[in-house]
Amino acid sequence: MPGLKPAIDRTTPLWYVGAFLIAAVVTATLAVQPLVGVALVGVGVFLWSFFWKVERFFAAHFGLALVALMAVPILRLTQADNVLRVGIAAVLVATAVAVALRVRVAPPGALVGLTIVFFILGFIATSAVPDDNEWLFYGLELLVAGTAVVFAAAAAKLKAWPIVSKLLILATAAEAALAVFEVLQLSAPLWRGGRILTDGTSTWMRNELVSGIPRAQGTFGHPLPLAFMLVLGALTLLRTKAFHPAIRFALFVLMGVGVFVSGSRNAIILFVLLSVLTVALPRLLNRLTILFLLGLGGLAIAAPFLLEQFEQIVTTGSVFHRVGALESVGRLFDYRGTFAVLFGDGSAATPRLYSEGLLQSDGLAAVDNQYVLTFAQNGLLGLALLVIMMIVAFRRASTTLRILLLAVAITGMIFDLFTWPVVGFTVWFLIGAAFARMPETGPQEPEPVAPDKELATLTS
């Protein structure tokens, strides 16, 4: 009203005093107990994030979960690092609950039902026979899958694929840069190396492609998850227009170099083939006749070299090991009871299955085939559910998600995907996003209009 002075905001000084006291307490705690101080800062930022815009809120929590899983290979940690294992689990729980509450997600009922049945069957199988650390592995698989499904549902609801793709690209590009730095500068692998010696110490795996350097593994503790995530990052990069073309090209080259220094022939082949399929194939089809003739000439000239390289690949222990995974299927059928064939042997059962001679006997403690591993641990029923989820996801997915799911399906034949939490998180996220029919455009971008609908609109 006229003539009245505005009321004085008496709370403003209290806010300044409170902020000063909080800053003093946090600073003192950081100096005396750094981990406690970091936890306090994290809790403060976590609570503060609820006041952000929902898109920024989602980006922060999704980025935190993804980077935490990428930065700390929790299943490669020693007992001395258990606090980190608990911390990463707490991050996953906190971010998933926060996003579920703030975004009010409702994951697709079909995916929720299939996932619940999958893990109920896994619980039954895991309960049947005791194995070392079986409930740790089971609980972690359940936590990773649940967190990923929540984030996928939230991303679909917010149309947040542009945010997700940028975070995935930047995170994997950082891993690629670290991989190059690792093989050129580091004297010991980060965390634990991919090769465990008989005395229990770990070291890098030998690079058979480039002598004199180890196989890069980044922060993953093994070259294969590094290569897989770089392949997904590169394919996502090829499908996005979020960066300047020069920056996209530089990032793609960096990821390609990262895949190369990982030393995985399979990953290099997958990287090249899927990159061509993603970008070049639609353009090349218009020049198919000329390319066919040029290809025949090139093959004739390069045939001796290609045959030599093919012979080297098929005679490596890597190929024999993966062939051995397929040969294990017969033993898993013939030498297990009906219950184990249907339900599997449960989480963390592979050491026992190796000792019983049901898996490969070449000295490597990895099946390197997700489908065979799923059959071993989850039985025919679990494998059938996983395949059904993959097929339904592929049918519902957008073009980009289909390309990424194709990479997942192929890599599952040469790599234990769910053995690595960050890879499992990524796979479950892609499946969940496809089930939820996540669009490739953001909330500010109009959905592409089909030509017939556009014509009908113009003529009406």
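**Salt bridges, helix packing and loops**

Modeller: R265 has a relative accessible area of 24%, so it counts as partly exposed. Bear in mind that this is a predicted model.

Biologist: Which residue does R265 form a salt bridge with?

Modeller: The partner is E208, and the closest N and O atoms are 3.5 Å apart. R265 belongs to helix α10 (residues 265-284), while E208 is in the loop between β2 (202-203) and α8 (223-238). The two are 57 residues apart, and the pair links distant parts of the chain.

Biologist: And how accessible is E208?

Modeller: E208 has a relative accessible area of 48%, so it is partly exposed too.

Biologist: How many salt bridges turn up in the whole structure?

Modeller: A search finds 7.

Biologist: Which residues are linked in a network of them?

Modeller: The network of salt bridges links D131, R336, D345, R352 and E356.

Biologist: Take D131 and R352. What is the N to O distance there?

Modeller: It is 2.8 Å for the salt bridge between those two side chains. D131 sits in the loop between α5 and α6, and R352 in helix α14 (residues 350-355).

Biologist: Are D131 and R352 buried or exposed?

Modeller: Both are buried. For R352 the relative accessibility is 16%, and the cut-off for buried is under 20%, which is why R352 counts as buried.

Biologist: What about E356, how far is it from R352, N to O?

Modeller: The side chains of E356 and R352 meet in a salt bridge at 4.0 Å. E356 is partly exposed, with a relative accessible area of 46%.

Biologist: Switching to the overall make-up. How many helices and strands does the chain have?

Modeller: The secondary structure comes to 18 helices and 2 strands.

Biologist: How much of the chain is buried?

Modeller: Buried residues make up 42% of the 460 residues.

Biologist: And what share of the contacts is between residues 24 or more positions apart?

Modeller: Counting contacts in the chain with a separation of 6 or more, 74% of them are between such residues.

Biologist: Now helix packing. At what angle do α5 and α6 pack?

Modeller: Helix α5 (residues 109-128) and helix α6 (residues 134-158) pack at about 175 degrees, and their axes are 11 Å apart. Angles over 145 degrees count as roughly antiparallel, so that is the description for α5 and α6.

Biologist: Which residues make the contact?

Modeller: On the α5 side they are L111, F119, I120, G122, F123, T126 and S127. From α6 come E134, W135, Y138, E141, L142, A145 and V149.

Biologist: How do they split by class?

Modeller: The contact of α5 with α6 has 9 nonpolar, 3 polar and 2 charged residues.

Biologist: And α3 against α17, at what angle do they cross?

Modeller: The axes of helix α3 (residues 54-71) and helix α17 (residues 421-435) cross at roughly 145 degrees and come within 8 Å. The crossing of α3 past α17 is left-handed.

Biologist: What residues are in that contact?

Modeller: F62, L66, L69 and M70 are the ones from α3, and P421, V422, F425 and F429 are those from α17. By class, this contact of α3 with α17 has 8 nonpolar residues, no polar ones and no charged ones.

Biologist: On to loops. Where does D416 lie?

Modeller: D416 is in the loop between α16 (399-411) and α17. Its relative accessibility is 6%, so D416 counts as buried.

Biologist: What does D416 touch?

Modeller: Leaving out residues up to four places away in sequence, D416 touches A366, V367, D368, N369, Q370 and L373.

Methods. Residues are numbered from 1 along each chain as its sequence is written. This is a predicted model: local features need pLDDT of at least 70, side-chain atom pairs count only at pLDDT 80 or more; totals for chains, interfaces and linings use all residues. Side-chain values use heavy atoms; hydrogens and water are left out. Axes are lines fitted to C-alpha atoms, for helices over the stretch in contact, and angles run from 0 to 180 degrees between N-to-C directions. Helices (H or I, at least four residues) and strands (E, at least two) are DSSP runs, numbered from the N terminus. A crossing is left-handed if the near helix is turned anticlockwise from the far one by less than a right angle, and right-handed if clockwise. Contact means heavy atoms within 4.5 Å. Ala, Val, Leu, Ile, Met, Phe, Trp, Tyr, Cys and Pro count as nonpolar, Asp, Glu, Lys and Arg as charged, and the others, Gly among them, as polar. Angles under 35 degrees count as roughly parallel, over 145 as roughly antiparallel, 65 to 115 as roughly perpendicular and the rest as oblique. Buried means under 20% relative accessible area, exposed over 50%, partly exposed in between (1.4 Å probe, protein chains only).
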